[in-house]
Amino acid sequence: MAARATAAPVAIITGASSGIGRATGELLAQRGWSIVVADVDAGGLATPAWPQGEVETFTGDLADPREAQALISAAKERFGRIDALINSHGVTRAEDSRVADTPDALFEQILSVNLASFFYTCKYALPELSLSDQGAIVNLASAAALGAPGGPAYTASKSGIVGLSRVIARQYAEVPVRCNVVCPGPTDTPMYATTLRKWGLSEYTPPPGTIQRLASPTEIAEVVAFLASPAAAFVTGATYSADGGQTLY
């Protein structure tokens, strides 16, 4: 399919089959963005139907640099340009617990999915984002990167996202392409249910001094949407906590 010009801004959202990625894609679509939504879960990506608007789906494993490059190419081919990249995919595992007990292969897998893939999507999107007058990257990390650590692999990967994003922000500020991080805390998503199981819990008990509930994915998506939009045109290299006061960051 030949690329065609679109008047709407264009965003790529990864991890869009559920949780924060899904909520972000729906929110941007409702606000008039053209979106490319990506995930390894083709069924979850397609169901339920997306809001009316310009939506392209992409199924692939972004830990493979060839798939990451194919995602960027698919967005450019469909819409002719890319204005925002939102990396919202990730994985956690119950076996990622104590350092001495975490399998080596699992550590490598989580770092590959949660960090290396972010490098690949950012690397291949940056040349296209540089052509936009509002180019933006928003990378989803976690409160685990700010002092509320989980398993060693998960925490290391999310901390790496913060460092990677700061490098991108510094190197591309004069283009300009902005790069910021959102660190969600406890959020009502399938991934957080896995985190609870890792801790041997069936439900979240908010600690004293924090907002006494889980966040909804849409509440986190609102922060992401702000950072992706021209309203945040002077914000880059920032790390936003959205964790109900868990880290006080």
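The buried residues of α7 pack against α1 (19–30), β4 (84–87), β5 (136–140), β6 (178–184) and β7 (239–242); contact means heavy atoms within 4.5 Å. The model is predicted: local features need pLDDT of at least 70, side-chain atom pairs count only at pLDDT 80 or more, and totals for chains, interfaces and linings use all residues. Residues are numbered from 1 along each chain as its sequence is written, and side-chain values use heavy atoms, with hydrogens and water left out. Helices (H or I, at least four residues) and strands (E, at least two) are DSSP runs numbered from the N terminus.

**Helix α7**
- Helix α7 comprises the twelve residues 217–228 and reaches 16 Å from its first C-alpha to its last, close to the 16 Å expected at 1.5 Å a residue (1.5 Å times one less than the number of residues).
- Its buried residues (under 20% relative accessible area, with a 1.4 Å probe and protein chains only) are Pro217, Ile220, Ala221, Val224, Ala225, Leu227 and Ala228.
- Seen down the axis of α7, these buried residues fall within an arc of 160 degrees, so they line one face of the helix; the arc is that of the directions from the helix axis to the C-beta atoms.
- An α-helix has 3.6 residues a turn, so residues three or four places apart point the same way.

- The largest pocket holds about 1,100 Å³ of space; a pocket is an open set of points on a 1 Å grid over the protein atoms alone, where a 1.4 Å probe fits, with protein on both sides within 12 Å along at least five of seven lines.
- Of the 46 residues lining the largest pocket, His89, Gly90, Val91, Thr92 and Met191 are the closest to its centre; lining residues have an atom within 4 Å of a point.
- The largest share of this lining, six residues, comes from α6.
- The second largest pocket holds about 150 Å³, and Ile211, Arg213, Ala215, Asp243 and Gly244 lie nearest its centre among 13 lining residues.

**Two loop residues**
- Thr189 lies in the loop between β6 and α6 and is buried, with a relative accessible area of 14%.
- Not counting residues up to four places away in sequence, Thr189 touches Gly19, Ile20 and Pro217.
- Ala100, in the loop between β4 and α4, counts as exposed at 76% relative accessibility (exposed means over 50%).
- The C-alpha atoms of Ala100 and Ser216 are separated by 33 Å, the two residues being 116 residues apart along the chain.

How values were computed: Points joined across faces, edges and corners; volume = space filled by probe spheres on them.
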